[in-house]
Amino acid sequence: MKSLNTLFLLAMLMALAVFVSGISPGSGEPKGKINRFLSDRVVLKCDKYPKVCHIKGSAGSDCCKNKCVNLSTDVSNCGKCGKKCSYGKICCEGKCVNPRTNEKHCGKCGNKCNSESSCIYGMCSYA
Ligand SMILES: *[C@@H]1O[C@H](CO)[C@@H](O)[C@H](O)[C@H]1NC(C)=O
């Protein structure tokens, strides 16, 4: 039984090596399960291979300093690479906002207060 496990592990490692070496510019995106496996387990360099950020399960489709990010929500790369939101702010649609007072992003991104309410401490409240 034990040797069977070892064999399985070896096969996995070999498969991994094949998948990783298979990713090169212009080779197209790997499909399905392999995508998730790769994006979870292997740190791929998006400066060389921007396509890795488009893999399903990636943190975002943009590449900043070799990391896949979502520029519309990443507080360290809000709207553009390296744009940090100051303390207490969150990134919504690529803009740093204060969720405690922002009427369009009250408490969280996209939580819009209606015209009769205002955002107070992150909650749409009727004054
Ligand atoms: C980035 O975040 C926005 C807001 O959550 C989401 O709609 C969008 O699909 C995300 N993009 C990627 C590539 O994950």
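This is a predicted model: local features need pLDDT of at least 70, side-chain atom pairs count only at pLDDT 80 or more; totals for chains, interfaces and linings use all residues.

Reader: What share of the residues of the protein chain count as buried?
Author: A residue counts as buried when its relative accessible area is under 20%. The protein chain has 127 residues, and the share of them that count as buried is 20%.

Reader: Is Cys46 buried or exposed?
Author: Let's find its place to begin with: Cys46 sits in the loop between helix H2 (32–41) and strand S1 (62–64). Leaving out residues up to four places away in sequence, Cys46 touches Val52, Cys53, Cys63, Asn66, Lys67 and Cys68. Its relative accessibility is 1%, and because buried means under 20%, Cys46 counts as buried.

Reader: How far apart in space are Cys46 and Ser61, C-alpha to C-alpha?
Author: Along the sequence, 15 residues separate Cys46 and Ser61. In space, their C-alpha to C-alpha distance is 9.9 Å.

Reader: How many charged residues are in the lining of the second largest pocket?
Author: This pocket has a volume of about 160 Å³. Its lining includes Lys65, Lys67, Asp74 and Lys84, and Lys and Asp belong to the charged class. Beside 3 nonpolar and 3 polar residues, the number of charged ones is 4.

Technical notes. Residues are numbered from 1 along each chain as its sequence is written. Side-chain values use heavy atoms; hydrogens and water are left out. On a 1 Å grid over the protein atoms alone, a cavity is a set of points where a 1.4 Å probe fits but cannot get out, and a pocket is an open set with protein on both sides within 12 Å along at least five of seven lines; lining residues have an atom within 4 Å of a point. Grid points are joined across faces, edges and corners, and a volume is the space filled by probe spheres set on the points. Helices (H or I, at least four residues) and strands (E, at least two) are DSSP runs, numbered from the N terminus. Buried means under 20% relative accessible area, exposed over 50%, partly exposed in between (1.4 Å probe, protein chains only). Contact means heavy atoms within 4.5 Å.
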